Amino acid sequence: MEYIAETIALGIDSLILATCIKQYYKNKNAMAMIQGAPYLEINKDLHEIVATHPENKLSYVSIRGSVKPLGNPILSNSNPTVSGVIQLLRIKEHVIKRSTAGFWTDSERIIQEVHNVMPFALEDKGIQIEICDPLAADVLDMDVISDNFRPTVPSVIDHIWSFFAGVRQRGVQSTEKMLRIGTTITGIGELVSGKDGHLKLQPPANGGPFYLTNMRVTSLIKKLDGSKKNYRILCIIFGSIALVLSGLIVRKYIKLKKEKEAAEKQRAQLELSRRERRRQIRDEDLDENQLCVVCKTNPKEMILIPCGHVCLCEDCSADITENCPICRTEINYKHVAYGI
Ligand SMILES: [Zn+2]
Ligand SMILES: [Zn+2]
């Protein structure tokens, strides 16, 4: 396959381009949805506002308040003075791996990841809105409480083992993140009034992204806009690369096709002049049994192996490749017969 390098490059480029286009539209749609979501102050009027909407539901709104636990809060493992409502504990292994090309590259692997969640609400002016299913949020901002990297000190045996196994451990990283009590966050999602009369913010059913972020709505829109612009630039870059690669493939295809046609033409011309030359040097006065059994014009020139029959001229022998025309024996190869 003549185009293998270009095709692989085009395939990889198309995958990256598709991802960039997807991300661009994801950011664009999220931005449009958030811009269209009304911002509601958490206050005592909120119940009435929700009650005026069908099914006691506002499909996409943004609210802002401080995190309040509904029950006993979770205490941090690494700093007991910190308490929160969501805790993430993650243990990651950092290794250096030898790639198939023989280079050593950094890579990491999550060994363990645990989320602890307790019910909580966003509160402002004494009014609380419960947050449902916070782990389903597309963006969930949490504070890093601790982040430790413990390097591995390899022994001689480890060195030898890593040389053969192609993997060497660099160390273990343990991270703890928490959504702390009292943090002011913006929640963007579906606001409903539950059967118990409590207001709840939950993942939106309209497909919009669910956000629990410490950014304000304006900063969030700015960030999404920045990200959207970056993806647009990437789309242009990778789109151009795809065009260049496609152009190269088409150019190479046309060039190869032309070369093939020229070679074919040259071969045909050579063959024609060869036949003509042979015809000119042949003896014209030959009797019947000296003539090729196929064309009855040229002399017998080729011996067929293994049967040994000399019955064909060189021109006809080019077209007869399978069986001897006299005895039907399979032809293994042909050779010019001398002195016949
Ligand atoms: Zn012949
Ligand atoms: Zn034969």
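In this predicted model, strand β13 (residues 302-305) is joined to β14 by two bridges, and the two strands run antiparallel. M302 has its bridge partner, L312, in β14. These strands belong to an open sheet of three, ordered β14-β13-β15, with antiparallel pairing. The edges are formed by β14 (310-312) and β15 (333-336), each of which pairs on one side only. From one strand to the next, the twist averages 50°.

The domain assignment places two domains on the chain. Domain 1 spans 59-187, and domain 2 spans 288-336. A distance of 83 Å separates the C-alpha centres of domain 1 and domain 2.

Helix packing was examined next. Helix α1 covers residues 4-36, and helix α4 covers residues 217-281. Their axes come within 8 Å and cross at roughly 155°. Angles over 145 degrees count as roughly antiparallel, so α1 is roughly antiparallel to α4. The crossing of α1 and α4 is left-handed. Sorted by class, the contact of α1 with α4 contains 23 nonpolar residues, seven polar residues and six charged residues.

One annotation comes from a database record. An unreviewed UniProt entry marks residues 253-280 as a "coiled-coil region". In the model, the chain over residues 253-280 is 100% helix and 0% strand. The end C-alpha atoms of this stretch are 41 Å apart.

Technical notes
Residues are numbered from 1 along each chain as its sequence is written. Chains are lettered from A and ligands numbered from 1 in the order in which they are written. This is a predicted model: local features need pLDDT of at least 70, side-chain atom pairs count only at pLDDT 80 or more; totals for chains, interfaces and linings use all residues. Domain bounds come from an automatic or database domain assignment. Two strands pair if DSSP finds at least two bridges between them. Helices (H or I, at least four residues) and strands (E, at least two) are DSSP runs, numbered from the N terminus. Axes are lines fitted to C-alpha atoms, for helices over the stretch in contact, and angles run from 0 to 180 degrees between N-to-C directions. UniProt positions are given in the numbering used here, feature names are shortened, and annotations may be inferred rather than shown by experiment. Angles under 35 degrees count as roughly parallel, over 145 as roughly antiparallel, 65 to 115 as roughly perpendicular and the rest as oblique. A crossing is left-handed if the near helix is turned anticlockwise from the far one by less than a right angle, and right-handed if clockwise. Ala, Val, Leu, Ile, Met, Phe, Trp, Tyr, Cys and Pro count as nonpolar, Asp, Glu, Lys and Arg as charged, and the others, Gly among them, as polar.
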